[in-house]
Every structure is written in C-alpha cells, then in structure tokens.
Amino acid sequence: MAIASIEKTAKNMVLTVQDYSLFAWRALTNLYRPPIYWPEFLVQSDIIGFGSLSIVMLSGISTGGVLALQSSATLAAFGATAVTGQFVSIIMIRELGPVLTGIMVAGRNSSSMASELGSMVVTEQIDAMRALGVDPIRKLVTPRIFASIAMLFFLTIVADACSILGGSLVTVFMNHQNGMQYFSMAWEHLRLPDIVQGLVKPLFYGYILSSVGCFCGMRTSGGTQGVGRSTIQAVVTSSVLILFVDFFLTQLLLTLFAGWM
Amino acid sequence: MDVNIEPHGQDAPPAVEAAPVVAFRNVSIAFDGPPVLEDVSFSVAPGETRILLGPAGVGKSVLLKLANGLLRPDQGSILLFGEEIAHMPEEQLYPLRSRTGMVFQEGALFDSLTVRDNVAFQLIQERVPDSEIDRRVRDALRFVELEETFDLYPASLSGGMRRRVAIARAFIQTPELLLYDSPTGGLDPVTSTTIIELIVKERDVSHTPSLLVTHRLQDAFLLCNHRFEPEQGRMVPLPKGETDPNTTFLMLEEGRLIFDGSLNELVKSKNPFVREFLQ
C-alpha cells in the first residue's frame, strides 16, 4: 500500500514536471507565432513593473543599508572600511539585486497570477475563453511571461541603484565616512562581467516566477480553497526555484566570465 | 402524462437523414475513478434541438464539454461539423470552437470586462471595427432584452441577467451549433421561463442545432410544447397534444445513455429510471 502510494506520488511529480515544461515552452514559443496580444503585454508590464516599483525600491534601499552596516563593522577590523562601496555594489549588482528583486516580485506577482488565473479556472472563464476560440495560454500566459521578463530586468536595475544609495546613506550618516570615496569605490571596481551577470539573471527569474505562477493558476481545482492552495504553491515554488537556479546560473556565469574577471 | 403527443408542423423540416452536426460514437471518459460516461452514442442533426436529461452528477456537463473538445474522451470518436475531434490538436480545435456557441452553467462571464466587451469578445479578437462591434452587441443585447446593461460589469448583474448576457455572447457570431449547460440552473421559475423563452426564440428564428443539458423536466417540456410567435414577440403554447418535431430527448443514468427519442417516446418509456425521473 505504502509502495503504491510512493509510486503514485513519484508519477504525479514526474507528470507535473512534464506538464510544466510543455506549458512553459508553449507559452515562450507563442511570441513567434501570431496573434500576439500587445495590449495585454502593456497592461501586464504596468501591473508588474510599475506596481512592483515601490517594494523593489524599499527592499533595495534597506538591503544596501544593511550590507553597509554589516560590512563596515567587519572591514573596520582590517582597517578597510574604505572598500564598503565596492563591497555593496559588487554583491548587490552580481547577486543580491537580481535574487532579491526576483523573490520580491515573485511574492507579489506570482501569487497574483496564480490567484487570478485560478479564479478564472474555477468559474469556468478559461473554458469559456477556449469555447470562444481563443487560446488562453496565448492570451493570458504569454503576455504575463514576457512582461515579467522585461520588467524584472528594469526593476533589478532600480533595485541595484537603490541599494547603492541605501549603502551610501548608512556610510555617510551612520558610519560617518566619506560619501565621494564610497561612490568612487562602488564605481571604479565594477567590471563589465559584473554588470552582465547581474542583468542576465533577472531574465531567467522573470521567466520562472511568471511561468510558475501561471502554471499553478491554470492547474487550479477544488473551488476557492484550490485557489488559495495554488497561490501558496506559486509563491513557494517560484521563490525556491529562483534560489535553486541562482546557484547553477552563478556557477555557469562565473565559468563563462572566468577570463574577464 | 397520458396524452398522445403528435409532432407539430413547423417551418423547418424534421431533422432526419441529414449529416449530423455532432456525433458521439461509443464515447467513454473517466477521471481517476469509475467512468463518468460509458459507451455513449448519439448525434445532433441540422436544425435539431436535443435535450439531455438526467439527475445532478450523472455526467451531463462532461458530455457537453466533450462536444466541442474542451475535454477529450478516453475511448470512442466525436465528430464535430464532420471532423473527428477526439484526438485533434488544441490549435486546430479553436477554429471549430469559434463556430459553436456555449452557455455555461453560471454564465462564465469575464469579471474584468464590461458586458459590451464580454458579448463582443470574439469580435474584438477578430479586430472588427468598434462601430460595428457596438451595433452587433446592441442587437445581441436587444435579443435578450438587456440593452441597458451595455456598460455594466458582470458583478452588478443578477444571476438571471448574467445567464442572458452569456446567451447574447453565444449568439453574437450566429453559431452553427449551440451548447447550453443547465441554463436555468439555480434560477427562480420566472427567470427560468425567460431563459427558456430566449432559447425557444433562437430555435424557432434561427433553427440553430443545439444540445441543452438540464435536470429540470418543466424546462424540457416547456421547450418541447411551445413555439416562438414573431408577431406577438413571445413564446406561445403549441395546440394541445402537439410538440416541436425537432426537439428530442436524451437521458443519462450513471454515465450510460438510457434513452434517445421524442417526448412521446419518453413519456411512454417503460424504463424504470425514466419512469422514476418523470414522476
């Protein structure tokens, strides 16, 4: 009985991964086949991009500030508080900016996509759309995925800028260090591969958070309770997947840019 | 029900011997358990209205969703407009589905769109000019007597009004097949009669073939015993003992089709389940 249950669970997991892969691939390749719903893309870009701006700015400023506080205390032991700017900018641009922005946007938008599409599934609106001859993946999913990819790219830039600003505020007003020195260290030690790494990652994270959110929403069953379950599943899965993929992506990018660093 | 019922002579000829609009052949489907539908075979001919009867949970809505490919059967074949759809790729199904109109149980209107955009959903996708969309939506809303709801959102409509807007959405493209999933379910008797009147009007004005799912006998009999009178602009009863010849019945019991025939045959059926259902 227990073995049968394990076998069933394992089969379901494999089937879910297969369904997700097919779903995500179909949603991605839809961009190359008409019709393309540009108005939906613009609406979603506004919801995802402009709507997430405040939380991304706030999290960027506070993370940059915390990094400056923590690093300056440690660096002071070596008499190296001058490199606080370099520390904050490199850590944020290469790693924390994309990951934190991805997780913040996943928390806000992956959940919203799952609950919106899930509600549409349980009220038969998705079936109605299919019955009216319109592909819901093309109409609802593809614009969300491409809007997420595009907007996460720009939101990461905003988060990076805000975190460097947050670090500078702490450096100048709390650690009483030179602001010009902070910015010059932050800028001068930044290399092209650092920026490229930091801007490639959000493209992957935007794809993950939106495709997982939409997938969980479109697979909703079990009424309003099911919508709640899909929402939780979307946030947890997309956040964990972002952290998991980040490890491999960082390793890959470090290998690719090994000669440039 | 001891009357002998005769088919009523209407404008449209009785739908026999013509190529079916929808045909089910030995269709079975199951969802992680016992079969929901088993070995179901029937067809809908041009101009024919088929009423699918059966108690709740017997697989009526599943059958309706199989008819336009929203669900796929495990076994058997389904022909829609002469094309086999049981294993047709989803992309190829969209053009076929856009030739059908479907009214869902709760209306399934898009919450975020106005009534105008809901009714015009297909027209908007086809990039029809706005002025023509407005005209056709007003015509469709006039048909269901809800012209004043043009700019409203579904949230501000009653259950019956939502159902009527859903009917307008299904009618706007003059479909070649109409599928009604319990269009009167959960409605009060007066609103139910209004909905049935719209269906009778569509049947007698456009003669669109349709498949209607219901568990309410009174709605089924109302459809069969009435016709739309254009001069009076309302539904009137047929002479006593007459029925619409193109309105016939199907009945499901635990996933199996146990009856396929006219109202006369239905009321004379000896099947114990049919007898019990009619009482």
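In this predicted model, strand 8 (residues 177-181) and strand 9 (residues 210-214) of chain B run parallel. The two strands are joined by 4 bridges. B:Tyr180 has B:Leu212, in strand 9 of chain B, as its bridge partner.

Helix 1 (residues 60-67) of chain B packs on the sheet. The helix touches strand 8 and strand 9, as well as strand 4 (49-53) and strand 13 (247-253) of chain B. The direction of helix 1 makes about 160 degrees with that of strand 9 of chain B. Helix 8 (residues 217-225) of chain B lies across strand 4, strand 9 and strand 13 of chain B. Against strand 4 of chain B, helix 8 runs at about 165 degrees.

The sheet itself is open and has 6 strands, in the order 7-8-9-4-13-14 (chain B). Its pairing is mixed. Strand 7 (100-103) and strand 14 (256-261) of chain B form the edges, and each pairs on one side only. On average, and with direction ignored, neighbouring strands of this sheet are turned by 15 degrees against each other.

Chain B also holds an open sheet of 4 strands, ordered 3-2-5-6, with antiparallel pairing. Strand 3 (35-44) and strand 6 (83-84) of chain B stand at the edges. Each has a single partner strand, so one side of each is left without a neighbour in the sheet. Within this sheet, strand 2 (residues 22-30) and strand 5 (residues 75-80) of chain B run antiparallel and are joined by 5 bridges. B:Val22 stands opposite B:Leu80 of strand 5 of chain B.

At the level of domains, chain B is divided in two. Domain 1 covers 8-99 + 180-278, and domain 2 covers 101-174. The centres of domain 1 and domain 2 of chain B, taken over C-alpha atoms, are separated by 23 Å. Their contact takes 15 residues from domain 1 of chain B and 12 residues from domain 2 of chain B. On the side of domain 1 that touches domain 2, strand 8 and helix 7 (189-206) of chain B each supply at least two residues. Helix 7 of chain B gives the most to this side, with 5 residues. By class, this side of domain 1 of chain B has 5 nonpolar, 8 polar and 2 charged residues.

Chain B is also in contact with chain A. The contact takes 14 residues from chain B and 11 residues from chain A. The chain A side comprises 4 nonpolar, 3 polar and 4 charged residues.

Terms used
Residues are numbered from 1 along each chain as its sequence is written. Chains are lettered from A and ligands numbered from 1 in the order in which they are written. This is a predicted model: local features need pLDDT of at least 70, side-chain atom pairs count only at pLDDT 80 or more; totals for chains, interfaces and linings use all residues. Two residues are in contact if their C-beta atoms, placed from the backbone, lie within 7 Å. Ala, Val, Leu, Ile, Met, Phe, Trp, Tyr, Cys and Pro count as nonpolar, Asp, Glu, Lys and Arg as charged, and the others, Gly among them, as polar. Two strands pair if DSSP finds at least two bridges between them. Axes are lines fitted to C-alpha atoms, for helices over the stretch in contact, and angles run from 0 to 180 degrees between N-to-C directions. Domain bounds come from an automatic or database domain assignment.
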